[in-house]
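Subject: Structure handover

Hello,

Here is the structure you asked to look at. My notes follow below it.

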Amino acid sequence: GFEMLTSILSRMGFEENAQIDPLLTGKYEHKGGKLLYLFDTESEPGFDVQNGTITKVHPGSQAESYGVEVGWKILAINHQVVNRNQSWEEVDEEIRKKLEEAMMYLDYNIEFYRPPMPLKQ
């Protein structure tokens, strides 16, 4: 995770002590439950999707290391917003295609919507 990111950044010419954009580390949290995480293409992101919603997170995956959970929605991949005004099959096909395109780069980001935690009764 973080160690790999710093080694990638140092290969790209960033110094070890340089300020790393918190957006890149996956720790940066937007208001309203939106979270943006950076994934690398050396391994699969590690989740199953149905209707644009995470249905399974694979053990040991990048998604698991970020704390992605079942029930989160995928809003965008590499800042390309997922169109939700279509059937769930089309939504999932669009996500699959966007992930396939993202795999051509060293890394890519996914923006998730994390639903509010249910209030404890």
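Ala 76 sits in strand S4. Strands here are DSSP E runs of at least two residues, helices are H or I runs of at least four, and both are numbered from the N terminus. With a relative accessible area of 3%, Ala 76 is buried. Buried means under 20% relative accessible area, exposed means over 50%, and partly exposed lies in between (1.4 Å probe, protein chains only). Ala 76 and Ile 110 are 34 residues apart in sequence, yet 5.8 Å apart in space, C-alpha to C-alpha. Leaving out residues up to four places away in sequence, Ala 76 touches Val 81, Val 82, Asn 109, Ile 110 and Glu 111. Contact means heavy atoms within 4.5 Å.

Some ground rules. This is a predicted model, where local features need pLDDT of at least 70, side-chain atom pairs count only at pLDDT 80 or more, and totals for chains, interfaces and linings use all residues. Residues are numbered from 1 along each chain as its sequence is written, and side-chain values use heavy atoms, with hydrogens and water left out.

Next, the aromatics. Rings of Phe, Tyr and Trp (its six-membered ring) pair if their centres lie within 6.5 Å; planes under 30 degrees apart are stacked, over 60 edge-to-face, and the rest tilted. The count by this rule is eight aromatic pairs. Phe 39 and Tyr 108 form a stacked one, at 5.8 Å centre to centre and 15 degrees between the planes. That pair links distant parts of the chain: Phe 39 is in strand S1 (residues 34-40), Tyr 108 is in strand S6 (residues 107-113), and they are 69 residues apart. Both Phe 39 and Tyr 108 are buried. Trp 72 and Phe 112 make an edge-to-face pair, because their ring centres are 5.8 Å apart and their planes stand at 65 degrees. Trp 72 lies in the loop between H3 and strand S4 (73-77) and Phe 112 in strand S6, so this pair ties together parts 40 residues apart in sequence. Trp 72 and Phe 112 are buried too. One aromatic cluster is formed by Tyr 37, Phe 39, Phe 47, Tyr 66, Trp 72, Tyr 108 and Phe 112.

Gln 62 belongs to helix H3 (residues 62-66). Its relative accessibility is 12%, so Gln 62 counts as buried. A polar atom of the Gln 62 side chain lies 2.8 Å from the backbone nitrogen of Asp 40. The backbone oxygen of Glu 44 is 3.4 Å from a polar atom of that side chain. Beyond four places in sequence, Gln 62 touches Phe 39, Asp 40, Ser 43, Glu 44 and Pro 45.

Two loop residues deserve a look. Most residues other than glycine have a negative phi. Asn 51 has a positive phi of about 55 degrees although it is not a glycine. Asn 51 lies in the loop between strand S2 (47-50) and strand S3 (53-57). At 38% relative accessibility, Asn 51 is partly exposed. Asn 78, also not a glycine, has a positive phi of about 50 degrees. The loop between S4 and strand S5 (80-81) holds Asn 78. Asn 78 is partly exposed, at 24% relative accessible area.

Best wishes

How values were computed. Polar contact = N/O pair within 3.5 Å; in protein donor to acceptor, adjacent residues only side chain to side chain.
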